[in-house]
Amino acid sequence: MAEKKTNEILEEQRRARQEFLELKKMQSGEMKAPPKPSEVAIVPKTPKEKCDNFWFHYKWCVVAIVASVAVLAVLIAQCATKTEYDLQVVYFTHTTALDAQTEGIADYLKKYSEDTNGDGEINVQVVNVSFSNTTGDSQYKYTMLSKLQAMLAGDENAMLYITDSETYEYINGLPQSGALLEGEPLKFGEEFYTATESEQFGKLPEGLQISCRRISETTMQNKKQAAKAYESSKKLLEKLKSAS
């Protein structure tokens, strides 16, 4: 027992001398100092450790990639399900109409429209920019007028305008070279009001009329899409005239 203890003491002394010599060599530059414990790389070994290590270093990259993929998937889905309209009509009156009522106008005009984009369906969009000229929010009126003027200025698909007598004069009185709405407007007959009557909201106001905008001598005269929409709109007006 005593001999074993003596051997342990001698081994401890030997190890101490060895460490002392190595320390002197490191101080003199003869030996390179070992890395600090904090500098020693800890290599993950188990699957869980590897997973935790990857997540620690790359979690924000993973989050960014997943978010980007989700946004891209939503955009692709929206594009795939987006309705391609064959005809666009602007509804502008000084009597406020609800979107549910203008949807009835779209349904009515579908039977006089044609499949211009070749998708096998006929879809008509009625853009509602109506507002009350005597009551209501002035900011709302400004928003609707701004939307109207933007469509008149640059929307190559917006060729047909449903107006009342006041709004017809308003559009043709805008500062430009000549009247924007060409020819005499076509007044809607009783068939139109019956077809667009809503059980909840009743009939649309009397005196509604439809016109085609002029593209000659405007910024749209050389635009192919504008010319295509214009021709389609003229055909619709002819069909409406024949049906009235």
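The model is predicted, so local features need pLDDT of at least 70 and side-chain atom pairs count only at pLDDT 80 or more, while totals for chains, interfaces and linings use all residues. Residues are numbered from 1 along each chain as its sequence is written, and side-chain values use heavy atoms, with hydrogens and water left out.

Taking a salt bridge as a side-chain nitrogen of Lys or Arg within 4 Å of a carboxyl oxygen of Asp or Glu, the count comes to six. One of them pairs Lys111 with Glu191, with 3.2 Å between the closest N and O atoms. Lys111 sits in the loop between helix H3 (99-110) and strand E2 (124-128) and Glu191 in helix H6 (residues 190-195), so this pair ties together parts 80 residues apart in sequence. Helices (H or I, at least four residues) and strands (E, at least two) are DSSP runs, numbered from the N terminus.

Another salt bridge, Glu238 to Lys241, has an N to O distance of 3.9 Å. Both residues belong to helix H7, three residues apart, or about one turn of the helix.

As for the surface, Trp55, Trp60 and Val63 make a nonpolar patch of about 380 Å². Patches take residues with over 30% relative accessible area and no salt bridge, joining like charges within 9 Å and nonpolar side chains (Val, Leu, Ile, Met, Phe, Trp, Tyr) within 5 Å; accessible areas come from the Shrake-Rupley method with a 1.4 Å probe, and for residues only the protein chains shown count as cover. Trp60 is found in helix H2 (residues 47-81).
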